[in-house]
Amino acid sequence: MNVFQNIVYTIKRVAGVSKSIFLMLVLLAVFSASLSVLDLFMIKFLSDYAFSEHFELSGLMFYLAVYALAVLGFQFLSNIVLQLFISWFEARLKVSTNEEIYRKTLELDIINYNDSGFYNKLHRAIKESDSRYFLVLMQLFSFFVSMIAFVSVFTIYHDPVILLAAALNVLYYIIYYFKMNKKGYEFNKKEEPYARLQDYMDQVFYLREYAEELRMTEGIKEKLLFKLEDETERYVERFHIYLNRISYQSILMTTFSYLIFWVVGVYVSARLLGHKITTGDFLVMINVVSVMSARLIDILKILPDIYQSCLYIRDIREILDYPSVFGQGGGMVCSAFHTIQFENVCFKYDARSVFGLHNLNFSIGRNEIVAIVGFNGSGKSTMMDIFMGLLQPDGGEVLLNGRPYAEYDIRSVRKLFGAVFQDFQVYEISVAENILMRKMELEEDAVLVEEALRYAGLYEKVCALEHGIHTVVSGEEHAGDFSGGERQKLAIARAYASHASILVFDEPTSALDVYAAKSFYHDLLQLRELGRTIVFTTHKLYYTIRADRILFVKDGTISEAGSHERLMSLDKDYAALYKMQAGELFAAE
């Protein structure tokens with residue numbers, strides 16, 4: 001039933017792209033099957049004609065010419081349909097299904113990526129989504145071609161011995177191929193970590209960001225190669241076990257099939273010698289055994305192939321049906337920000353772990369500057385993700401203007417934020433589009449981009465480029481016209497240009513030198529005049545002095561909160577860490 005449901009689901013998805021594809025495939029299936037049947041009966045006709053008293057060479061050549069023209073005409077027609085319409089359709093289907101998966105991933109809570117089961121399923125869905133629907137469709141097409149030809153021939157040649165042989169082939173092949181395809185799916189599913197290791201190794205050895213270290217340190221290169229070699233040997237061992245399990249069944253299946261073919265061949269020969277069939281019938285029936293055996297094999301291969309494809313379709317469906325975060329696509333639309341409040345918020349990274357964050361209670365209002373600081377691994381970045389609606393808390397609530405996030409369309413909540421993440425990304429689009437994060441359409445957009453570049457300290461750099469703000473930035477780090485620090489400035493300009501009510505910076509100056517960092521924080525404070533709320537994390541406490549409030553995070557909770565002066569007067573962890581860093585900075589200067 002699940003297979004049938006997945007087939008119906010696939011047909012609906014295909015129909016959403018083009019309904020005319022079904023008519024095209026039906027016509028091709030009928031013509032292709034008719035050609036297979038015509039091949040057999042042409043053999044009978046020509047054989048009987050050659051042994052008849054009316055035989056003439058010119059007549060034989062005429063019939064052969066007519067047959068050849070019919071075959072060429074069909075091949076020409078089918079190739080046009082396949083090359084033009086079906087190729088166009090396949091491309092459209094790939095775009096449609098890929099876009100659907102990509103859009104769905106943006107609706108999912110990012111904590112799901114920590115679940116290996118979910119991640120493996122998502123990997124399969126993305127990998128298979130661009131071709132699996134089309135593959136199921138073509139498998140169904142091949143199945144119907146084979147079935148039409150099979151039924152047509154055996155409707156005429158319904159000899160009980162041939163039917164019995166066909167039935168035995170059907171039974172054995174169904175058992176064999178369904179079993180083998182399920183084993184193949186399960187083996188590939190278990191070996192996905194090895195496939196990802198291969199993808200990772202490809203990235204390490206071709207991305208620019210790894211190039212220097214790999215050339216300067218022999219040890220890590222050898223370690224990685226040894227890891228790949230070791231894992232490959234383990235994979236080969238597992239693959240050999242897998243092959244050994246199926247090889248004996250494959251040999252037995254092939255032997256049984258040829259035995260049936262041999263028995264039927266003897267039976268048909270006996271009928272010819274007994275003058276019960278003509279020479280033409282003999283040739284046709286021998287070809288019926290040969291061709292229909294091949295058709296049966298095709299049918300019996302296609303059925304388990306369809307079954308296997310439906311297993312992948314199931315993965316795609318489960319990802320597309322995965323629950324969306326909060327009120328994605330529904331709920332209230334938030335158009336203004338007054339306060340965001342954490343009430344006893346708790347969070348854990350998976351079901352088996354203890355709470356990584358617990359009992360977080362604080363609020364942030366308009367026009368405030370709040371710094372979140374603490375030791376590495378204390379939970380600062382996770383707090384920011386919950387703050388921006390990227391993660392759902394496992395306990396407590398986050399309130400926006402007094403209402404829980406869950407009551408809002410989360411997309412409208414996220415529009416309140418302009419963010420610069422610690423692991424920010426630069427996309428392979430123009431400088432202007434990287435800043436606006438959309439297509440530049442109006443003259444006001446260009447003014448905004450230039451204003452953001454000035455704020456981030458990149459204006460002169462970009463103006464010096466040949467195409468200015470229209471210069472395309474390489475998607476790979478270090479591969480374009482911008483250094484790592486300049487890329488971070490580009491991300492800062494992006495946050496500035498967002499016109500968001502709340503600007504969030506997660507370690508925003510990690511790639512900047514000390515002078516650029518001081519300049520950034522000076523300009524950051526000026527944004528208060530534009531009515532922006534600013535929240536940032538940093539491990540450099542000398543940048544937090546002018547923040548309205550500092551939240552010191554320790555062991556997943558807020559252990560200290562207040563202004564710099566207040567936290568210094570408490571003389572606890574914040575004060576100790578600040579004094580240590582201030583001493584290091586003084587010594588460095």
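Which residues of H17 are buried? They are Ala516, Ala517, Phe520, Tyr521, Leu524 and Leu525, where buried means under 20% relative accessible area, exposed over 50% and partly exposed in between, with a 1.4 Å probe and protein chains only. Before going further, please keep in mind that this is a predicted model, in which local features need pLDDT of at least 70, side-chain atom pairs count only at pLDDT 80 or more, and totals for chains, interfaces and linings use all residues. Residues are numbered from 1 along each chain as its sequence is written, and side-chain values use heavy atoms, with hydrogens and water left out.

Let us stay with H17 for a moment. Helices (H or I, at least four residues) and strands (E, at least two) are DSSP runs, numbered from the N terminus. The cover over the buried residues of H17 includes strand S3 (369-374), H14, H16, S7 and strand S8 (533-537). Its 13 residues should span 18 Å at 1.5 Å a residue, and the end C-alpha atoms of H17 agree with this at 19 Å apart; the expected span is 1.5 Å times one less than the number of residues.

Now turn to H16 (residues 484-497). Eleven of its 14 residues are buried, so H16 is largely enclosed by the rest of the structure. Among them are Leu490, Ile492 and Tyr496. The buried residues of H16 pack against S6 (417-420), H13 (431-436), H14 (443-456), S7 (502-506) and H17 (514-526), with contact meaning heavy atoms within 4.5 Å. After H16 comes histidine 499, which has a positive phi, near 55°.

Next, the cores. A nonpolar core is a set of buried Ala, Val, Leu, Ile, Met, Phe, Trp, Tyr and Cys residues joined through side-chain atoms within 4.5 Å. The largest one has 50 residues, and Ile435, Leu453, Phe505 and Leu524 have the most contacts inside it. A second, separate core of 44 residues includes Phe85, Leu108, Ile313 and Ile316. Leaving out residues up to four places away in sequence, isoleucine 435 touches Val449, Ala452, Leu453, Leu490, Ala493, Arg494 and Ala497.

Elsewhere, glutamine 139 sits in helix H5 (residues 132-156). Glutamine 139 counts as buried because its relative accessibility is 11%. Beyond its neighbours within four places in sequence, glutamine 139 is in contact with Ile302, Asp305, Ile306 and Ser309.

Finally, look at helix H2, where phenylalanine 31 is found. With 40% relative accessibility, phenylalanine 31 counts as partly exposed.
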